[in-house]
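This report looks at aromatic rings and at the charges placed over them. Please view the sequence and the structure first.

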Amino acid sequence: MTLLAPAALWMSLIGAAVVALYLLKIKRRRQTVPALEFWLQLAGQKQVRSLFQRLKRWVSLALWLLIVACLVMAIGNPVLSLGKTKPQAIVVIVDNSASMQTLEPSDDGLSRTRLAMAIDAVGELTSRRPISDEWLLIEAGRQPRVLAPWTMDRKTICDAAAAITPHLGSADLAPAQALAEQLLTGKERPCIVLVSDGSAGQAATLTAKNPTSVYWPIGKTSDNLGIVRLRVRADREQSAHHAYINVVNASEGHVDTQVVFELDGSTTSVEPISIDGRASWEKTIPINAPQGGVLRAWIDRSDSLVPDNEAFAVLEPVRKATVVLVAPASESFYFEQALAAMEALVDVDASRTLTVEEYDRAGPAHAGADLTIFNNCRPALLPKTGQFVFINDWPADVPAKFSGVMEGPEMSMVQRDHPLCRYVNAAAVSLARAKRVDLPERATIVARSSDGSPLIFLIEHPDRAILCLAFDVLESDLPFRNAFPLLLRNTVSYLVTQQAAVVPDQCRIADTIEPLRKLPEDVTEVAYQLQGQAADRAGAVPVRNGTFVFDRTQRAGPVRFSIGADSVYTAINLTDAAETRIEPDKAGRPPQDALALTGRLFGTVPWVALAVLATALVGVEWLTYHRRWTE
Amino acid sequence: MPQELFDKDFLKKLEYLDLIARRLVFGRQQALRPSDRKGASIEFKDFREYSPGDDPRTVDWSVYARLGELVIKLFRQEEELDLWVLLDTSGSMDFGEPNKFDYARRVAAALAYIGMSNMDSASVVPFTTEPERGRPGLRGRGKIFPLLDYLSDLRCGGTTELASMAKAFSRRVRRPGLVVLVSDFYGLSGACRALDQLRFFKHQIYVIQVAAPWEIDPPIRGELRLVDCETNSHEDLTITDSMLKRYRGAFERFSSELRSYGMRYSIGYAQARTEVPFDEFLLRVLQRGGLVA
């Protein structure tokens, strides 16, 4: 046993005062009597002579000395670790991610969240470590945050831990650990304690890399079913949407339940699901809602973790694409015919054919087109956003450089399963010649020549997608083949669907939302409304330099942005498999041993046990004295 | 004359007690009390054959005339009553409030005064383990002041040995008298032996047990070091309510046994509680009788 506050031993001098006070207390008053023998006969020999009778008067003093000893030892804060415990600088990282909201059953029938258990663990950790330790507390939410700077006051740490609020999104423990390591620089005997449910193995990995890290596992249960992905894609041909959902069963047993889909609060579909333990279930479900809306999918089952039982998706209204064809007047015929044949996809009335001069003069007025096709021409200035198809020529800022010409290349499709290649058979297409192109690595080659030179390739950016054909269509027999309208159709369908929205349709909890492209200059603020929560919350964020930052994404649900006259939606979701898989990682070594926590006396920390014992002894002393057992 | 112990008020009470005593006790008798011994009084007691040396004046000639035998007449002897007041001066008597010794001295003085005023011989003998000389053979009221001075100068101390005191007293005083023993009588076995010793020497005995209120109901409790006022020996005791209860019972038994012992052997007994004025006590004793049989 080691005293962490040995200065408390000076308080042993209180024992001398106790002895002095006790001697004063038991000092007997003199009383003269006429015949002492008379009294002795009355008292009997037992009271005076018995060894026990003589000794029991000192029992009270012994009790008081024991009480003083207990109090001195309690103030000295003893640790029962055989002298191995030394003061350390300890950074406590508390994981407050969504999985820490898992309800853990307890013996008393009352469930507690893992975060509450983590807060208790911090209390236990601080109370069973030397008082000379230095502490720092970090919250490992989406971003690590120091909740309590370096302090030796354990109460400050415990209070800060108790004030941790749950973060309903994913957590990344690595930045928190990196921050802790940075803050521990120069500290003697550094130590990092990760209080977490493991974060899908991240905690164990981090502690394995850093020998000064100790993983304090929280929780036991694994009973959970969660939606880890919900995406929606518009089907313009069918004027509908397809919702893709992926559900993970994190528990060990088989689960039969159902997923309910609600569109703007009305149930549109119910899908029964049956998942084996540790398995996942996925399905694409058609949603017939061309008008769009907010889709909510939720699992009709109560489990340990609630936040991942629902997910949201935004259904954009399905509308026909507006296509602008920029081509010399004599070279637009085949394209116009092919586009006119795609009434289900293309808004023929809104689509136009321009010459490149007309296009350049119109400038940004055509930026609103869903797709712009340049045939054998290129604009003076390529817009930063939008979807474009360049045939046989493209601007210099397209990262594909001409390096030569190929004569009579044979074309073959590279990725048969790519949406652009759907139903397209280019094997028999004859090309008079084609340009040899050097592509950046991120380009997707859709078709190439026999010597591997790309003939059709796709360059995608977040705000801009460009499909390039490195040959002149009119110098081939492609317009006479079925492949031509099919390729155009696939292009319109794919690129328009992938068109850059103003805001992302999905984001994770605690992510910041920024517009995907620059907003018009006349927009100075964007109004928002958080929906699907207990109380809808609305407000506005300012727009500066054509962009804004929205960070009120702490809860799952859709948020509507009003940008000018338009409204756009973003769905905020947890949808993280790492959070859904709630089974905690197992610590390699019990954290109590790794941290050399002091042993327990009577099931609690020694100083508390000693204080309680001292109190009990005071009661015993009082009882024995007033019942005259020790007087 | 010390004002505190024997003041004018005390003397007035003595006069009053003397008058009461004359009416209650001595008014029925002569100052000289008949004894069983044969003597020279005028009261006939018996006849005896004449022996050479007998006083011829005692020969009953009428009997000689009828029977022709010389017989002499015997007469009952009249003698004085000796009052012996044995006063305990051991350390245990200097105790209590009112003080037992002061009380005992007043009682002794009063008894001696009553005895002196009735032409008896009154003696006051202090004692501890042995009887002191005291003031023996006091006669006449005029002797009261030297007696009071003597009693005022008495001091307590030492231990009591009643048995040895009685043995020594018997050796010194052969003629039976009225012995009034004023003491607290702690050590009952020794007291009984002392009374036996006096009884065997044909003394009339009257015991006065002096007890202070403290002794009857001690107002003490708790952790105490009890110190014997005679020997200065001490013992640490815890006085509890139950022990006090036992003490009161034991003291009552102690007094009862002393009284019972006296009744068995025609020994007068009175308990003098010091909170009762001594004149009231003596008046009650005189009214009850037994002090002078």
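## An aromatic cluster

F38(A), W39(A), F95(B), Y186(B), W214(B), Y247(B), F251(B) and F254(B) form one aromatic cluster. The model is predicted, so local features need pLDDT of at least 70 and side-chain atom pairs count only at pLDDT 80 or more, while totals for chains, interfaces and linings use all residues. Side-chain values use heavy atoms, with hydrogens and water left out.

## Aromatic pairs

Over all chains, the structure holds 27 aromatic pairs, where rings of Phe, Tyr and Trp (its six-membered ring) pair if their centres lie within 6.5 Å, and planes under 30 degrees apart count as stacked, over 60 as edge-to-face and the rest as tilted. One of them is the edge-to-face pair of F38(A) and F254(B), at 6.1 Å centre to centre with 65° between the planes. This pair joins two chains, because F38(A) lies in helix α2 (residues 36-49) of chain A and F254(B) in helix α8 (residues 241-264) of chain B.

F38(A) counts as buried at 15% relative accessibility, and F254(B) is likewise buried at 7% (buried means under 20% relative accessible area, exposed over 50%, partly exposed in between, with a 1.4 Å probe and protein chains only). The rings of F333(A) and Y334(A) also pair edge-to-face, with centres 5.4 Å apart and planes at 75°; Y334(A) is partly exposed, with a relative accessible area of 30%.

## Charges over rings

The charged end of K187(A) sits over the ring of W150(A), 4.6 Å from its centre, a term that requires NZ of Lys or CZ of Arg within 6 Å of the ring centre and within 35 degrees of the ring normal. In chain B, R199(B) lies over the face of Y265(B), at 3.7 Å from the ring centre.

Key: Residues are numbered from 1 along each chain as its sequence is written. Chains are lettered from A and ligands numbered from 1 in the order in which they are written. Helices (H or I, at least four residues) and strands (E, at least two) are DSSP runs, numbered from the N terminus.
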